[in-house]
Amino acid sequence: MEKKISKVNRLLGRLRVPSDKSISHRSIILTSLAKGVSTVKNFLKAGDTITTLNTYKKLGVNIYEKNEVIYVEGKGLYLSEPEDILNMENSGTTTRLTAGVIAGNNIFAAFTGDNSLRKRPMKRVLEPLRQMGAVADGRKNGEYLPFYIRGGNLKGIEFFNEKSSAQVKSALLLAGLYAQGKTTITEPIISRDHTEKMLKSMGADITIEQDEFYKVSINPSGELNPIEIDVPADPSSAAFFIAAATIVPNSEILLKDVLINKTRDGFIRKLKEMGANIEYINQREQAGEPVADILVKSAQLKATKVSKEEVPSMIDEIPLLAIIATQAEGETIITGASELRVKESDRIKAVVENLKALGLQAEELPDGMIIKGKQKVKGGIINSYKDHRIAMGFSILGLIAEEGIKIIDADCVFISYPEFYTHLEKIIE
Ligand code: S3P
């Protein structure tokens, strides 16, 4: 599907963007391992999270929906051997977290995925799981899908999570539930912490230390308690509308119930530094996570620098930040973000090539990009590379493009935000 986004006068209104993708994945995976029935309200129904739901059904978990609430009948740590290969479609989070779960179970499971997922690195999770005692192998010595795991008989390890990958940390914490002894993951920069928070609320033996580095440890505790989860709105989805209301003149929008966890709101903090008019209202707690309504008004932006330490808390929003940096006064320089090259697409290449296709000035760095500011956007055609965040990011730029922007393969937004284009129409004045 192609989608043309045309220039608008202004954006006005309120939205509740879809629920958080990371928490939705974890709400199924972790409760599948509890002893008893958990409930999940406001579960994100999108491509990736439906993949997780289907995967845990294939692992023998009874999951059903009643009155808009998902019920998960946890099996108490031990899952059934799947009868067929698990197809993880486009979802890196489902793949890597489930690898940790299977490693702890005394079962065999084979995994594959779509064209994009089969290009993404997997050894980062298979290698430490092997160290813990899992038998695992795959294409290119376990670097790529398809791979298999035969789990069981794990022992705890100490692991340095150099890339600050939340997926790797989560896989090892989940495997640590089954291991003999303590499993410790140390991170130079803290990555999103939803897994450890949710595991703790379920009664897992988790300890957290923060000195020079962030350190999370788990001791096997036997059993996880069922929980009730109400998933807040996704800051990574809210980011598109925050960016839109900032760069489209005379706009004002209110985004309801957004997760503002410190490991996730780096984009908002950075945009404020750049001069954006963003306010958190009605801050509160929901299911152990900080939540707020976010009021955004248009503003003039100044260019910025993004460095390595800032990357994990805004990793999925960096393509969007680079795209709107074309509207900021000065030159924006992003470094320390080489992980963007191994996401659903090579997001450094996808952003820079598409900006150039629109006649805008941008430059690739091995680990980031340089974006020239205050550029007039005439418009044109961009390729989403079937990557949801690239499609949505350039749609936002389309709102200020003289002749609009046409997005090729725009339907990939279903991966995290199926209602994206209808929501966008709702706030266009
Ligand atoms: C995620 C972690 C991040 C992020 C991804 C979701 C998660 O990936 O980019 O969209 O839910 O744990 P990495 O763990 O590879 O950094």
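Predicted model: local features only at pLDDT ≥ 70, side-chain atom pairs only at ≥ 80, totals over all residues.
Reader: How much area do domain 1 and domain 2 bury between them?

Author: An interface's size is often quoted as the accessible area lost when the parts come together. Here 30 residues of domain 1 touch 26 residues of domain 2. Carbon and sulfur atoms carry 51% of the buried area, and the total is about 2200 Å².

Reader: On to helices. Are α3 and α6 roughly parallel or roughly antiparallel?

Author: Packed helices get described by the angle and the distance between their axes. Helix α3 (residues 92–104) and helix α6 (residues 166–176) have axes 7 Å apart, at an angle of about 25°. Angles under 35 degrees count as roughly parallel, so α3 and α6 are roughly parallel.

Reader: How do the residues of the contact of α3 with α6 divide by class?

Author: On the α3 side you've got Gly92, Thr93, Arg96, Leu97, Gly100 and Val101, and α6 brings Gln167, Ser170, Ala171, Leu174 and Ala175. Sorted by class, that's five nonpolar, five polar and one charged.

Reader: α3 also packs on α4. How many charged residues does the contact of α3 with α4 have?

Author: Helix α4 (residues 123–132) packs with α3 at about 15°, axes 10 Å apart, in a right-handed crossing. α3 uses Arg96, Ala99, Gly100 and Ala103, while α4 uses Arg124, Val125 and Leu129. Four of these residues are nonpolar and one is polar, and the charged count is two.

Reader: What about α8 and α9: is the crossing left-handed or right-handed?

Author: Helix α8 (residues 235–247) and helix α9 (residues 266–273) pack at about 15° with axes 10 Å apart, and that makes α8 roughly parallel to α9. The crossing of α8 past α9 is right-handed.

Reader: Which residues in α9 does α8 meet?

Author: From α8, the partners are Ala239, Ile242, Ala243 and Thr246. The contact divides into six nonpolar, one polar and no charged residues.

Notes. Residues numbered from 1 in each chain as written. Heavy atoms only, no water. Axes fitted to C-alpha atoms, helices over the stretch in contact; angles between N-to-C directions. Helix = DSSP H or I, 4+ residues; strand = E, 2+ residues; numbered from the N terminus. Parallel < 35°, antiparallel > 145°, perpendicular 65-115°, else oblique. Left-handed = near helix turned anticlockwise from the far one by under 90°. Contact = heavy atoms within 4.5 Å. Nonpolar A, V, L, I, M, F, W, Y, C, P; charged D, E, K, R; others polar. Buried area = accessible area lost by both parts, 1.4 Å probe.
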